[in-house]
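Here is a briefing on one protein chain. Please look over its fold first, then its strands and helices.

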Amino acid sequence: MTDVSKRHSVAGKIATPKTAPVNSSAAAAVTAPNAPQAMSEALEALSKAIGARIKLTTAGPTSQTYEGTLFTADPVINIVVVDTRASGSNAAATAQTGDYHIIPISRVQNFSITRAAEGSNAAGFAALQPAIGVVDMKQAKQREEARIAKLQEEERHRGKGVTSEAQALYDSFKRINMPIRWHNQEMIVHEAVIIPPPYRVEDCRAGNDKQEVLIRVRKVLEGERKKLREKEDRERAGARAGATPTTTNSADARKGG
């Protein structure tokens, strides 16, 4: 059976609303158990005809017939949309306009395809959705664990109750890969040098057997404090320059009238 003939056969199975007592066996499809299946099959058939010209009739009590282009058949919210704008060259010139009618699939009594869509195929609506690949759960778990470890590492290196300057000094040691950690509000460098607040060069201390490390840490701290001071000076100079209003020469202003 061809796709077109299948669509025609499915159209006859669509359930119609019950509007009055009926006795015929054909009308029994209103409450038949396979009514949802019939609507599903109709949607499937319509989804394969998107872009085709169709003739669709709705059920009573206000039965209407629509002739136009099938714009979409949505299986999620169970509707079809028909554009009843006339086809032809005039329609092509106004491709962005149309006369669209949204019709619940439950109201469709029958439909027929009067002209197939250009370049149509039997792939249908489902083929328009990108395929979903298999999720590598092992890799996803590893990425999750790596992210958690990174966040925990960042938290470990965030000082509690310290100034922004102290944190900036700490981060500068970390940036040059010097082993450092917080112990309360003290910095511990190389597990040998203690830098207590206010984190000046002269505040550094270490055991007698760690003097070489102490000298190296003091040099780094001195250089980083100098960089911070220069940065602060540049920021203050920039703020002053931005706050200074532009003045106009008073003589030039008088000449200008």
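The notes below go from the whole chain to single elements.

This is a predicted model, in which local features need pLDDT of at least 70, side-chain atom pairs count only at pLDDT 80 or more, and totals for chains, interfaces and linings use all residues. Residues are numbered from 1 along each chain as its sequence is written, and side-chain values use heavy atoms, with hydrogens and water left out.

**Whole chain**

- The chain has 7 helices and 9 strands. Helices (H or I, at least four residues) and strands (E, at least two) are DSSP runs, numbered from the N terminus.
- Of the 257 residues, 26% are buried. Buried means under 20% relative accessible area, exposed over 50%, and partly exposed in between, with a 1.4 Å probe and protein chains only.
- Contact means heavy atoms within 4.5 Å. Among contacts between residues at least 6 apart in sequence, 48% join residues at least 24 apart.

**The five-stranded sheet**

- An open sheet of 5 strands runs in the order β4-β3-β2-β1-β5, with antiparallel pairing. Two strands pair if DSSP finds at least two bridges between them.
- β4 (100–104) and β5 (108–115) are the edge strands, and each pairs on one side only.
- Neighbouring strands of this sheet are turned by 40 degrees against each other on average, direction ignored. Axes here are lines fitted to C-alpha atoms, for helices over the stretch in contact, and angles run from 0 to 180 degrees between N-to-C directions.
- Strands of a sheet pair through backbone hydrogen bonds, either parallel or antiparallel.
- β2 (residues 65–74) is joined to β3 (residues 79–83) by 5 bridges, and the two run antiparallel. Threonine 72 stands opposite valine 81 in β3.

**Strand β1**

- In β1 (residues 53–58), 5 of the 6 residues are buried, so the strand is largely enclosed by the rest of the structure.
- On one pairing, 5 bridges join β1 to β2, running antiparallel. Lysine 55 faces glutamate 67 in β2. The two strands form a hairpin with 6 residues between them.
- Another pairing has 6 bridges joining β1 to β5, again antiparallel. Leucine 56 has phenylalanine 111 as its bridge partner in β5.
- Threonine 58 belongs to β1. Its relative accessibility is 1%, so threonine 58 counts as buried.
- Leaving out residues up to four places away in sequence, threonine 58 touches Ser63, Gln64, Tyr66, Ile103, Arg107, Val108 and Gln109.

- α4 (residues 137–156) has 20 residues and reaches 28 Å from its first C-alpha to its last, close to the 28 Å expected at 1.5 Å a residue. The expected span is 1.5 Å times one less than the number of residues.
- Aspartate 136 caps the N-terminal end of α4, with a side-chain oxygen 3.2 Å from the backbone nitrogen of lysine 138.
- α5 (residues 164–175) has 12 residues that should span 16 Å at 1.5 Å a residue, and its end C-alpha atoms are 16 Å apart, which agrees.
- Buried residues of α5 are Ala166, Gln167, Leu169, Tyr170, Ser172 and Phe173. They pack against β6 (180–183), β7 (186–189), β8 (193–195) and α6 (211–243).
- Asparagine 177 follows α5 and has a positive phi, near 65 degrees.

Notes: Polar contact = N/O pair within 3.5 Å; in protein donor to acceptor, adjacent residues only side chain to side chain.
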